[in-house]
Every structure is written in structure tokens, then in C-alpha cells.
Amino acid sequence: MSTLILVEHRDGALAASTAHVIAAARALGGEVDLLVAGEGVDAVAAAAARLDGVRAVLTADHAVYAHQLAEPMAALIVACVDDYSHLLAAASSSGKDILPRVAALKGVPQISDIIAIEAPDTFKRPIYAGSAIATLSNHAPLKVVSVRTSAFDAVAETGSAEIRALDIVVDNTLSTFVGDELATNSGPELGSARVIVSGGRGLGSSENFQLLDGVAVKLGAAIGASRAAVDAGYASNDLQVGQTGKVVAPDLYIAVGISGAIQHLAGMKDSKVIVAINQDEEAPIFGIADYGLVGDLFEVMPALESRL
Amino acid sequence: MKVLVGVKRVIDYNVKVRVRPDQSDVDLTNTKMAMNPFCEIAVEEALRLKERGVASEIVAVSIGPKAAQEQLRTALALGADRAIHIESEERLDSLEVAQVLARIVAEEQPGLVILGKQAIDSDNNQTGQMLAALTGMGQGTFASRLEVTDEEVQVTREVDGGLRTLALRLPAVITTDLRLNEPRHARLPDIMKAKKKPIDSRGIDTVGLAANDYLRLERVETPAARQGGSKVASVDELVDKLKHEAKVL
């Protein structure tokens, strides 16, 4: 039994998700190798090699893998996954894009977004926006699994795995990279932040959404948003927390002006401590909040900022 | 250009799902069902492509129980030209659905396939990517904007860091994200007219699917409920509790 993990990286930096996926792979048992594909990946490979519990870091460095487009990435993985029993990646936008393509090319199903491992072939995952937890067993020769990173603690960085370059170059005539418009959010990343301050429709406008900034800066928090706030244009899409956005589990989640639709709760209800600030005392968010404060958020937020 | 859109019958997004007492699955008896919201966005995008003169014909396809024809009728009322229903009372995994869709793609030869990025029941987010793989097409997943020309589609995708734009050679598979469009509602006269539009319904046994037995649903449980509901009276009390009781500040 052995696992290949697709490593996620951006702008020459290793994504935090990989250390969590390795933790899931170690729970399976067996050897763990990482695959780093891209153009100019030496620094990412070196950082990946420091993660604990890794046997080897395989690199595929070529212009065709730049931007990690799904078509060439899937073809590459198909070419090097034969020796493995498991293929894992984070259930991030990149993992969600690439992994099912690999699974289909290999003629096997995928289990998405696992939150626990019962046995090397048996996994738990949320369904129906987290209203139910399914346990599935996978009897395919290659088990393709995407991992909810917030459900597995990151491994440490004291390793020194071997780095080995693969000489595999694939064709890509299907897709071309045009451009990125990456949001410039200051502060920590949503997926790895210890504290998240998240805003909803109750904020009323994109100007008001900046009310969150003061508290977020004081707490070193990442900013999040409900779908309603993103749809209304108060916040950018990459901030959306929920069933179809990001799933987070910080130590502290402060929901501001968020009513608490089940689709939003699906993305944050595993946070350690939840605070809800809302004018409507009937808002469902209070039902799951450890500390609810009913009040006008335009008074509460400045007051909170001044007391932190 | 012919556009193929996928339509899945799922639990209505407002309905809270129940788990069966024997933990064999969720209980959907007498539950309100609807078109998967991401499929509504797929249908809407196809309609807009037709209104712009890019699409010439819209074919809606659903794989599922007989009752899935209700959702196909909705797609027809919204403006799809015809529908294909592959009837299967058994639950299929995403790979099997993609394999059936690949058959339909081979028959219909669409210039573009638009599917929802995920269904709100299984939350898998797999079928579009798998269909693209099986048909050798490029994939534009989690789309928030499409621009179709004769040779290619430019698709802007919602990704973790923000937005990414790709150009895909046609034919291609697109999966919809929330911000692609706001779906319209069907008008009553169109609902009446849709009753006359054709649905080509066939059994799953007619498509030559080699079903796999790789995935088995072992059990379904209700997650542990979160204990919440306590309130604080002031910002001062909140900060005090966060510092001294929860110890997160």
C-alpha cells in the first residue's frame, strides 16, 4: 500500500493544504510520495521535502504544467500513479478540478471531501450540506480521494525526503491559460487562519463590509463571507464560506450579520468557538453559536474593536 | 451550435434532510424535490447562449428515476428544445453518470456541455470533470463567466485565490458556479407549451453501461449536534467570555 499526493502550490510557494493531506495519508498507513508539477518548482519541492512522513518528492518541471491546468495535470498523474494504491489531494478548487479527471481516466470512482478514515478503504464524508455523514467503502484498484483539510491536523516540517525529477512531458491542445485576477486580501488565508471574521447580508454594502477589517486586524483574523454577501457584491468569491465555497474550522469564528442558512453552516460549524452578532434574535445562527450577541452590528463592531 | 445541459433531480434546497433510523441512507419519502440549483444555472446559461445566437439547439439530459421527467419538463418550460431521460431507479456514482453522459455526447455531438459543478445532495463535484476526461474534452470548472466564439470558449473560473480565465478548444465541458447567472423562472404559458415538447426516455439498460461495484454505501448518520444558543448581553461580556471561558483571545 502506498499513496501519491498531488501537491498544491501557487506563486512558487507550497500551499498549507499539503501538510494536512499528508496527515490523512499517514492515517491510511504505507509509504507517502508527493507529486509537485509546475514550471520552476524547485523551491516548492524543497519545502515539500521538509514535511514529515514523506518518502519521496517527485517533480515534473515543464512549461506544460505551468498554472497546473487540469488536462495536462491529469495526464501526468495517470502516467505516474500505477505504482500506488491511493491518490490523494486537498479538496481545494485545484484538487476538485484535477482529481475527478484522473479518476475517470483510470476508470475508477472518487470519494470527495473526506473528514475521517475508518480503514484504508473506508472513509467518512459529509453529504447534503453536512446534514448527514456517509461512510463509504471503495473497492477500486486505485482509491482516488480528496481530503477536507480542516479535518486533519497538519504534519510538522522536520523531514528530509528525497527529491526525484520525473521526465514525463505530456501534450495539451485542449486548454490555454489566459489570466488570473487574484483577490488581494491582506491578512491570513481563510483555509489556515486561527480566527475568521465573516460577514453576511446584514452588513448592507461593500463599504460597510469593511467594518470587519478593524476587528480582523486586531485579532490577526482572515475575512470570510456568506453566499448572500458575495452574491450582493460586498465581498469577492474566494471569501465565501459554505457548502459550495470554503470549509473552515478555525479556533474562533465570528459571524457578523449572517443569518445562518444551512448552506453557510456547512462551511463553518466545526469551528471550535462560534460567535454570532446579529440584530435578529431569531436568526438560526444563534442556535449553533457558543456566544450570541443580539445587537446593531454598526454599534457592536466598533465597540468590539476598541476592547480588543 | 448544439448545447447539452445536465439536469439532476435532488431534494429541494430548503428542505432539511432526515437520516433513516436504520442508518441505511437518508429518507426522501414524501420530500419536496427540485432541479439541482447548479443545474438551473446551467440551463439558464444555455438559454442565454441561444438568445445571443451562439446556441442553435438546447438538449437537456437527466439520468435518474421516472420522476426526473418533472425536472426535464421544467428545463423544457424554461426553453430547452428537447430532452433525453435515461431512466435508472438505482443510484449511480459520478463515474457511472459520466459514462452515460459520454454516450449521449457521442450520439448528440454537442459543441458545448454545461453541467452544474455539484449536486446539493451528494456534494461530490466530480461529474463534469469525469465527462471531460471520458470524452477527451477540455474542462472549465466552477465557471462564473463564459464567452463562446466559433473555435473556443473563454471561461472565467471561481478558484481559491480569486478568478482564473482559460481558453478551451470546442467542444468542451463547463461546470457552473453560483455567480454565472441568475436563473429565470418558467412562465405559465411556457409550462403549458413544454408539455408538448419531446422527452426521449430510455432505460439505463439501453446505453450499455458497465456498472461498477467499486463504491459501497456502508451507512449514513446524523452528525453530532452542536450545543449552542447561549447569549451574552454586551460587548464587554463577550470579550470577557472569549478571554476567560473559551480562552481563544
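Colleague: Hi! How many positive and negative side chains does chain A have?

Modeller: Chain A carries 20 positive and 36 negative side chains, counting Lys and Arg as positive and Asp and Glu as negative, with His and the chain ends not counted. This is a predicted model, where local features need pLDDT of at least 70, side-chain atom pairs count only at pLDDT 80 or more, and totals for chains, interfaces and linings use all residues. Residues are numbered from 1 along each chain as its sequence is written, chains are lettered from A, and side-chain values use heavy atoms, leaving out hydrogens and water.

Colleague: And how far apart are the centres of the two sets?

Modeller: They lie 5 Å apart, placing each charge at NZ of Lys, CZ of Arg, CG of Asp or CD of Glu.

Colleague: New topic: what are the spans of chain A along its principal axes?

Modeller: The C-alpha trace spans about 60 × 40 × 40 Å.

Colleague: What share of chain A is buried?

Modeller: Buried residues make up 60% of its 308 residues; buried means under 20% relative accessible area, with a 1.4 Å probe and protein chains only.

Colleague: How many residues does each chain bring to the contact between B and A?

Modeller: Chain B brings 77 and chain A brings 87, where contact means heavy atoms within 4.5 Å.

Colleague: Which three residues of chain B supply more of its buried area than any other three?

Modeller: B:Asp160, B:Tyr214 and B:Arg226, which supply 12% of the area chain B buries against chain A. Buried area here is the accessible area (1.4 Å probe) that two parts lose on being put together, summed over both.

Colleague: How much do the two chains bury between them?

Modeller: About 6900 Å², with 53% of it on carbon and sulfur atoms.

Note on methods. Buried < 20%, exposed > 50% of the residue type's maximum accessible area, 1.4 Å probe, protein only.
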